[in-house]
Amino acid sequence: MLNRGRILLPFNLLLFTIAYFKQRKSMVVTRFAPSPTGYLHIGGLRTALFSYLWARKNGGKFVLRIEDTDKARNSEEAAQKILQAFTWLGLSSDEEIVYQSQRDDIYRKYIQQLLDENKAYYCYMTKEELDALREEQQAKKERPRYDGRYRDFSGTPPKGVEPVIRIKAPTSGTITVHDGIKGSIEFKVEDMLDDFIIARSDGSPTYNFVVAVDDALMGITDVIRGDDHLSNTPKQIVVYNALGFEVPKFYHVPMIHNAQGKKLSKRDGATDVMEYKKMGYLPEALLNFLVRLGWSHGDQEIFSLEEMVSLFDPSDINRSASIYNVEKLDWLNAHYIKNSSNERIERLLEEDFGFILSSHDKKEVLLDALKERAKTLKDIVDMAQEILNPPSQYDPKAVKKAFKADAKEILEDFKNTLAQKESLHLPVDYHDVMEEVVQKRQIGFGKIGQPLRVSLLGKLGGPGLDVVMTVIGKEETIARIDKALREL
RNA sequence: GGCCCCUUCAUCUAGCGGUUAGGAUUCCAGGUUUUCAUCCUGGCCACAGGGGUUCGAGUCCCCUAGGGGUCACCA
């Protein structure tokens, strides 16, 4: 035994080491990097979901980074709102959330490094001069670009100008973005790049610089983001190269468009993810809806989170933009509501809508019936209220249709029959009463159903009357019939 | 305008040289239901246009058209 143990130990260690390096090599780290200028919107959530799924599928990590460097536009409140949305959807960061506003020292250090290595330089051109240059170039129909006048400047800098810092970008050739969705895209340096600013005159670093630095330092291997960033990518590659960082894989996912075919914006109704919670959508419905926008797996429409994780691959993402259309979301939401437990629905109704059902002894009957017919949780609340509260008014059209000549007589009969019954507990018990009256009078079910429906609910349509009566009980049923008999 | 990306039913999409171009949502019809909804069955509806390549093209190439994105000391 001892001998075997001694031989096995190094062998195990070897296996372990191999497994470790194998895992390291294929370790996938993705990120979602919102700027907290408002709420989390649908498009952002989708790229976040894609990133999350890809990391999970590979046993890697998904990290959140808050890009809050623009102090004027960012707010702590907005950051919190975004985090709340993630919590609601059950997506979480695998590591501590990174706030760019707290990483100033890091950016300064790398800017200094580029300065020291002569890969970046101070530029003393004023904003006014820059604007003038731009206008001049545009007048000549040239592409506006910095002319590189301070690139190799060694004279005395002009007085009173706080310089910006520019990076020395390549002046010729091409930069190729290897995109996992769109394929390889070549950008010609001459019509894409100039020595762009990496630090403003107040010393603060700019977006394309910090993104590259952060992604590199956070060990991001796969950048999945909206394709509106595609033309930023060459710039970021310049930064990666200058700093000697390894360039990650990029996946630029097409935008989500509105019905007009334009980029989705606040004006397009509900783009705030948390609005969907307020409207009564289930997180899994929203996630399922979004994962199928631009991505598919054969003919499958319904995906649990586990299935998404195991089936998702960013290379299966479509190359074209998709139009945002909520019809399918309603269908999915209805599906997930139907398949949710009553306990969960009850809890959500209370938490999200303040609608408390816990004390109602027939809540199971009610929820069973309403789950079948609701598109949203809000629907359930509305329908439940229509049942629980006596009708405040009777729909005239329904009255006209339902209250034909003998309606009152039939209702009276039904009421009296019902009054004599004991131990009515289930819908079937009430159904039997209706059946009895129908048999006795030799009439169709509609003859009694229609006027009864109007009496109980004030309108036509709605759940089965046996269910309604079970929920409100015998006394209330009789009371509502009496009221209808009096008023109609 | 320069650069880049995109283009299959109304919408989301399958398709990876040979299919009656499939599924889903919506819509319509029928069935189920006392009613409405659900559910079931069926139906309508698409390869942007034009050239090539090929025995054969939604699939490959080119052009045109249309749409979108991006061009800051914003992110």
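**Helices, cores and the RNA-facing surface**

Pro283, Ala285, Leu286, Leu287, Asn288, Phe289, Leu290 and Val291 are the buried residues of α10, where buried means under 20% relative accessible area (1.4 Å probe, protein chains only). The model is predicted, so local features need pLDDT of at least 70 and side-chain atom pairs count only at pLDDT 80 or more, while totals for chains, interfaces and linings use all residues. Residues are numbered from 1 along each chain as its sequence is written, chains are lettered from A and ligands numbered from 1 in the order in which they are written, and side-chain values use heavy atoms, with hydrogens and water left out. Helices (H or I, at least four residues) and strands (E, at least two) are DSSP runs, numbered from the N terminus.

Because 8 of the 9 residues of α10 (residues 283-291) are buried, this helix is largely enclosed by the rest of the structure. Its cover includes α2 (42-57), α3 (76-89), α9 (273-279), α11 (305-311), α12 (327-338) and α13 (342-353). Leu286 and Phe414 have the most contacts inside the largest nonpolar core, which has 103 residues; such a core is a set of buried Ala, Val, Leu, Ile, Met, Phe, Trp, Tyr and Cys residues joined through side-chain atoms within 4.5 Å. Helix α20 (residues 465-487) supplies the largest share of this core, 10 residues. Apart from it lies another core, of 37 residues, including Ala120 and Phe245.

Turning to Asp195, this residue sits in the loop between α6 (189-192) and β8 (197-199), and it counts as buried because its relative accessibility is 6%. A polar contact (a pair of N or O atoms within 3.5 Å; within protein, one must be able to donate a hydrogen and the other to accept it, and residues adjacent in sequence count only if both atoms are side-chain atoms) of 2.6 Å joins the side chains of Asp195 and Tyr121. The Asp195 side chain also reaches the backbone nitrogen of Ala169 at 2.9 Å.

Next comes the RNA. Of the 58 residues around RNA strand B, Arg200, Lys262, Gly294, Ile323 and Arg373 come nearest; a residue is near a strand if one of its heavy atoms lies within 4 Å of it. Sugar or phosphate accounts for 70% of the RNA strand B atoms within 4 Å of the protein, and bases for the rest. Polar side-chain atoms of Ser231 and Ser296 each lie 3.0 Å from a sugar or linking oxygen of RNA strand B. The side chain of Glu301 has an N or O atom 3.0 Å from a base nitrogen of RNA strand B. With 5 residues, α19 gives the most to the surface near RNA strand B.

Methods
Buried < 20%, exposed > 50% of the residue type's maximum accessible area, 1.4 Å probe, protein only. Contact = heavy atoms within 4.5 Å.
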